[in-house]
Amino acid sequence: MLSRRKLFSMLLMMAVLLALYMFTEIYLSATNDYEVGGAAGEVALLRADAWEADGAEGAPRQTALIGSAHGALGQTVAQWCTYSKRPLRCYASLSSYLAAGADGVQVLCIDPAALSLPADAEALEGLTQKGLTIVFCALPDVEEIARSPGLQAVLGIKSVRQAQAALTGVYLYDGFLVGGEAFYGQNSGMEVELEIPWYELESGTKVYLTGLTRAAEDDEGQEERPAILWRNNEGSAKIYAVNGDFLEDETGFGLLDGMLAEGSPYLLRPVVNAQNLTVAGYPSFAAENTRQLQEIYASSHKMLLQNTVWPNLIAATEQSGFRMTCYMTTQLRSPEGEPQADDLAYYLRQFKERRGEAGRCADGGPEQWAQDTAFLSAQGSSVPYPAAYVGTDAADFLAFARGGDAQGIRTVTGDCERPLLGYLTETVTYQGATHRADRYGFREDLKNRSLQTALAYTNILLEMERVTWPETAEDRWENYSREIAGNLSTWWKPYSQFDKTTAAESDARVRAFLALDYEDELDGDTITLTIRGREGTVSFLLRTHDQEVQSVSGGTAGQVEKGCWLVSVEEDTVRIALAHGQP
C-alpha cells in the first residue's frame, strides 16, 4: 500500500523535474537568437581576392594541357590546377606545345583526342628525356595503340591482350588515395559494370587501380588483371596512364594528386577541410499532399516532418557527426493552406540546439522566393540567412541577385554543372553537392576518396521533396531514411579527422582556400611552407611515404591515416619536421 509520505515524495520529485524542464526551455529561449540563420558578419574575402595563375616562367608547379580546356578532361585538369594553385598553359596539339618551348613545365596532361597518331608517337618518346610527369588523362583507341610500338613503349604496354574486357570488380591499392585500399565487386555490395581494353604491361610498371575479370577470379590469385591506372618510368619521365573515363569528373582531382604523391618524396597541398550535409526543401511550412501522406504515413504533413523525419535526422547526424544545413521554404509544390508561423520558431530553435543552420530554398522560381521572403519578414525574421539552395540551375538565383532580392546570401549550394567550388557572383560562393545521400556505389566511393584526397571536402544532398511527394517505394521516408543513415555512418567514417561544418562555416573556408597561394621546400627532414594571402586558419594535407610528422611550428598536425596528416596553419611560415617511421 502506498503511504501518504511516499505519495508526497513522488509528487514532489515529479514537480521538481517538471520545473527543471520548464526552466531549461525558458533559459534556451532567452539565451538563443533563433532568428539568425547562420554565421553572420562581414564577408572578408571576395572573388577579386581569389588566386590567379602567375604566367611567369619561373612560377612554381607549372602544368600544361594538350587539348581543350573546355572538354570534360580539360575541365577536370583546369579545376584541379586552380585548387592546387598550379599555373596552367593549354595547347591545341602536341606540336604547338613543342613549338612553344614551354620551359618550366613540370606536369604535362594529355587529352588523347588532341594527339595526331602515329605521327606524335616519336615526339612523345622524345619527351621522356625531359624529366616530366606525363599524365595520359585517358588512352587513345586500342587500335591506335596496337599500331604504334613507340606509343606502347611510352605507356609501358607490352601488348594488347583483349580489345574489351568485362570487369566484375575493381581493386584500389593501399596508399594511392586517402581512405586506404578498396575492393569493389559482387562480394563488396558495390557492383561494377565496366568494360575496358586489357593491356599486358611491362614488368617495370606499377599499378594503382586494377580491374578483375571472372577468369582472373577463378584463377586462384594469379595476377592476370586488366590495369586501369598505372605508372611507367621511361627515361627520366614518370608516365601515368588512365584506362577509362575516370578523369572526366571530379574523381580526377584525387587521382591526379595521387600520381604526384607517388612520384615525389612528399605532397603538401591546401584543402578546404569541410564536410557538409545539405537538407533541401526542409522544412516546408504549408500542408501539402495530405491525402497521399495520410495513406502512406497515417500522418499529416506537419506531424510527418516534426515527429518522424526530424527525430530520424537527429539520430543519423548524431551517429555520423554531420551537422545539417536545412534549406527552408513555405511550400514545395501545391500548398493546401497558409504556412504555419509557429513552425518557423520551432525549427529555428531545433537547428540552433543541434548546431545546425537554416538556409533558404532558391529553386522554386521568383514567385516562390518572393513568397518565402514575405513569410520570413512577417514573422520578424529580418536577419538574412547566409546560404541558399539552387537545385540544378543557378539562373533563378542570379536573377534574384541582379535584382537586389538576395541580400544577405553569401553562399549557395546545389547540383549544377559548373566548377565544384568557386564564385557564382563577386560576393557569393558556390559549393557543389558531391553525393546524394541515398546513393552509394563503386563510382560514388571512388569519387568520395578522390575528393577527400584533393580537397578534404564533401557536400551530401538530401532531397526532402521526394519524401513529401513520393513517386516510388524508394521515396518513402522509411526506405529513404534507412539508406541515408547507413551511408552517412559508414562511408564517411574514415574521414573523421576532417571537420564537420555548416554551409556558412564551409563558405568561410572555401573563400580562404581559393584566396591563398603557397610555396613549399624540403631541406633535409624539414618542410618549410610559405603562404601568401592567408585569411585566418587554413588547412593543408601532407602525404609522405616512410616519414612521420615529428613537430610543427606555426600550426598543428593531426594524423588522418598512415602517411597522411591534416595540417592546420596559423602563421604565414610553417616548418614541419619529419622523422622516419617504423618499418
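The model is a predicted one, in which local features need pLDDT of at least 70 and side-chain atom pairs count only at pLDDT 80 or more, while totals for chains, interfaces and linings use all residues. Residues are numbered from 1 along each chain as its sequence is written, and side-chain values use heavy atoms, with hydrogens and water left out.

A nonpolar core is taken here as a set of buried Ala, Val, Leu, Ile, Met, Phe, Trp, Tyr and Cys residues joined through side-chain atoms within 4.5 Å; buried means under 20% relative accessible area, exposed over 50%, and partly exposed in between (1.4 Å probe, protein chains only). The largest such core has 115 residues, and Tyr 282, Leu 313, Met 328, Leu 455, Trp 477, Phe 540 and Leu 542 have the most contacts inside it. Helix 10 (residues 301–320) supplies the largest share of this core, with seven residues. Helices (H or I, at least four residues) and strands (E, at least two) are DSSP runs, numbered from the N terminus. Another core, of 32 residues, lies apart from the largest one and includes Leu 108, Ile 110, Ile 145 and Leu 201.

Next come the helix pairs. Two packed helices are described by the angle between their axes and the distance between the axes. Axes are lines fitted to C-alpha atoms, for helices over the stretch in contact, and angles run from 0 to 180 degrees between N-to-C directions. Angles under 35 degrees count as roughly parallel, over 145 as roughly antiparallel, 65 to 115 as roughly perpendicular and the rest as oblique. A crossing is left-handed if the near helix is turned anticlockwise from the far one by less than a right angle, and right-handed if clockwise.

Helix 10 and helix 16 (residues 477–491) cross at roughly 15°, and their axes come within 9 Å; the two are therefore roughly parallel to each other. Their crossing is right-handed. Contact means heavy atoms within 4.5 Å, and among the residues that meet are Leu 313 in helix 10 and Trp 477 in helix 16. Both Leu 313 and Trp 477 also have a place among the residues with the most contacts in the largest core.

Helix 8 (residues 251–262) packs against helix 14 (residues 442–454) at an angle of about 60°, with the axes 7 Å apart, and this pair is therefore oblique. Here the crossing is left-handed. Helix 8 also pairs with helix 2 (residues 72–83): the axes come within 9 Å and cross at roughly 65°, in a right-handed crossing. Gly 252, Phe 253 and Asp 257 of helix 8 are among the residues in the contact with helix 2, and these three also take part in the contact with helix 14.

The backbone has some points of interest too. Most residues other than glycine have a negative phi, and most peptide bonds are trans. The bond from Tyr 282 to Pro 283, however, is cis, with omega near -5°. Pro 283 is found in strand 13 (residues 274–284) and is buried, at a relative accessible area of 0%. Its contacts include Leu 305, Met 328 and Thr 329. A cis bond also joins Leu 117 and Pro 118, with omega about 5°.

Lys 85 has a positive phi of about 60° and is buried at 1% relative accessibility. Asn 273 likewise has a positive phi, near 60°, and is buried at 2%.

Key:
Lists of a residue's contacts leave out its neighbours within four places in sequence.
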